[in-house]
Amino acid sequence: MSNVTLRPALTRPASAETATKRKNPLSRKSLILTIVTAIFAIYALMPLVWLLINATKTQHDYVSTFGFAFGHSFALFDNIADTFAYRDGIFARWFLNTIMYVVIGAGGATLLAILGGYGLAKFRFPGRKAVMAVIMGAIAVPSTALTVPLFLLFSKIGITNTPLAVILPCLVTPFGFYLMWVFADQAVPTELLEAARVDGCREFGIFFRISLPLLAPGIVTVALFAIVATWNNYFLPLIMLTSEKWKPLTTGLNDIKLQTYSPAGGQEPLQNVILTGSLLTIIPLVIAFLILQRYWQAGLAAGSVKE
Amino acid sequence: MSSLAVAPSAASPGPSGVPASERPPKNRIRRDWRGWMFVGPFVVFFFIAFIAPLIYAIILSFFQPQMVWGVSQGEQFVGFANYVKLFQDPNFWSGLVRVSLFLLIQVPIMLGISTFLALAIDSGRLYGASFFRVSVFLPYAIPAVVATLMWGFLYGNQYGIMASVNEAFGTSVNLFSARLVLVSIGNIVTWEFIGYNMLIFYSALKTIPVSLYEAARIDGANEWQVVRAIKLPAIRGALMVALIFSIIGSFQLFNEPNVLQQMSGNTITTYYTPNFYAFHLAFEANNPNYSAALAIVMGLVTVAIAYVVQLRGSKGMG
């Protein structure tokens, strides 16, 4: 019933602030409300600030100076060098692995979701109702519940400990499929497709030249969801991979901690490598978020406006 | 206020979330096999990565390796024996109770804060609202591993911020102790997802038509009345979605306790959460059949609870 609002919500992502002002011209700024909100903002930013500060410290400064103060020397670049030198440069390898998983896994997931969502929205074909029912049911099944069964199956067919074991499960996002379906249903007018068919265009030609540009805002949202999920994936690679050379950054970082930290010996972990590695792991996504955050909001509106 | 019905409510990925064109068969879309060119690839991978492991796990859960004097005799069909054993397993119940407790305490706190932040940022009464929106959302970009490593270091009693706090107040609080470690994990999860949920609610608030606020103003409604009569009902649907995702997240809790385990000494057991236990059974205890039964049961429990919440939620919706 409320589908009407979908398009406007998507096409004006940046107008949020102006809308707020327009709807209540008399509203005064509240200092108290700002302070209370600021407390939560500080809570959100505090660990990140701590990480930034402590990635610049030497091991000695880390244990001897206060956590939110800079150390006596500025060792960020030494720490970065240490991180990339750790165990013959395994960190760079993990970085490239993560990028590979994101490009193939998240890229493939987005592509499959676009094609599938579009196909379900714009075609009537035998078995369509069954596809719809099964995939809608799959949204509520948590992916982590499937991870152990996936491992058991993959070890049976012998593809554990290969990149395929991480990539294959990443390719399937029922939620992304659902979002693309909803989006394609709204954004691509069926009349336009009919007209193109009358003119003799082929289906894939229509898809690439007419539908794809119309789907762009939805694609950005689904791609962002998939990129974050793949970049931050931990449980799946932890289970699937034992070989160092295929690991992504997330399980790699935890390995550094495991290898250098033994609580029994009272020894502190190799903090400068772990913290600098953590910082390098999050920087690409944080930058992507800051640039793309307005699209996120638009996409989330699309997802939540459905009824 | 009858126009409230227009206020979009979200979305539940569920039977109700079917696009409008499903209801009246729109136009004349020809019915043939061409759609499979588009849907086919997804369905193939969906089968490989979703249906096949599910079926395989169900089959595995009905078998058990037979050992005679330490020599494997192959697998034998044991019916529901693995499931019977699971329901009598105190380790399983201990994990299930722990994640239920987590769900009952952490999720309301997190969603409460998210709702407050979304309303505050939407109210137009903040200085620098967009700065707050971005900074609160930022933790969502941080992988659970990095979030847990950071908080783990901050919690540390030797060199962490907790050490400084204890020193300053003369206390000896240990955030890794058996009593507090679940609270420590709850804080990490809350930190990770406050902003994500805030943004979902905020997006729902942004879809409220301006005319609704104007009508309320003409009626002389004050700000609290606007929040209660317009804004909270508008995010109700989004709240249901967030609640369902949070329930799934709680029952499947794994990453944070896994990363924290070694840092916290031995307070996080091998059966700390059901997922943890499934991991332990499959890889350390070498009992994949039992682990498969556990994964199936937890999947069913999660889906069932998510479904009940969705039903109850949509019943209350206008």
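The contact between the two chains takes 103 residues from chain B and 104 from chain A, where contact means that the C-beta atoms of two residues, placed from the backbone, lie within 7 Å. On the chain B side, the largest share, 19 residues, comes from helix 1 (residues 35-61) of chain B; helices (H or I, at least four residues) and strands (E, at least two) are DSSP runs numbered from the N terminus. That side of chain B divides into 73 nonpolar, 23 polar and seven charged residues. Here Ala, Val, Leu, Ile, Met, Phe, Trp, Tyr, Cys and Pro count as nonpolar, Asp, Glu, Lys and Arg as charged, and the others, Gly among them, as polar.

Keep in mind that this is a predicted model, in which local features need pLDDT of at least 70, side-chain atom pairs count only at pLDDT 80 or more, and totals for chains, interfaces and linings use all residues. Residues are numbered from 1 along each chain as its sequence is written, while chains are lettered from A and ligands numbered from 1 in the order in which they are written.

**Chain B overall**
- Chain B has twelve helices and two strands, and along the sequence they run α-β-β-α-α-α-α-α-α-α-α-α-α-α.
- Of the 318 residues in chain B, 48% are buried; a residue is buried if 20 or more other C-beta atoms lie within 10 Å of its own, exposed if 12 or fewer, and partly exposed in between, with C-beta atoms placed from the backbone.
- Take the contacts in chain B between residues at least 6 apart in sequence, and 70% of them join residues at least 24 apart.

- Leaving out residues up to four places away in sequence, L294(B) touches L86(B), F92(B), P274(B), Y277(B), A278(B) and L281(B).
- Helix 3 (residues 90-122) and helix 11 (residues 274-283) of chain B pack at about 145°, with axes 8 Å apart; axes are lines fitted to C-alpha atoms, for helices over the stretch in contact, and angles run from 0 to 180 degrees between N-to-C directions.
- Helix 3 of chain B brings N91(B), F92(B), G95(B), L96(B) and V99(B) to this contact, and helix 11 of chain B brings P274(B), F276(B) and Y277(B).
- By class, that makes six nonpolar, two polar and no charged residues.

**Domains of chain A**
- Chain A is assigned domain 1 (29-74) and domain 2 (87-305), with bounds from an automatic or database domain assignment.
- Taken over C-alpha atoms, the two domain centres are 31 Å apart.
- Eight residues of domain 1 are in contact with seven of domain 2.

**Residues to look at in chain A**
- L168(A) sits in helix 9 (residues 163-170) of chain A and counts as buried because 20 other C-beta atoms lie within 10 Å.
- D88(A) isn't a glycine, yet has a positive phi of about 55°; D88(A) is exposed, with 9 other C-beta atoms within 10 Å.
- N161(A), also not a glycine, has a positive phi near 65° and is partly exposed, with 16 C-beta neighbours inside 10 Å.
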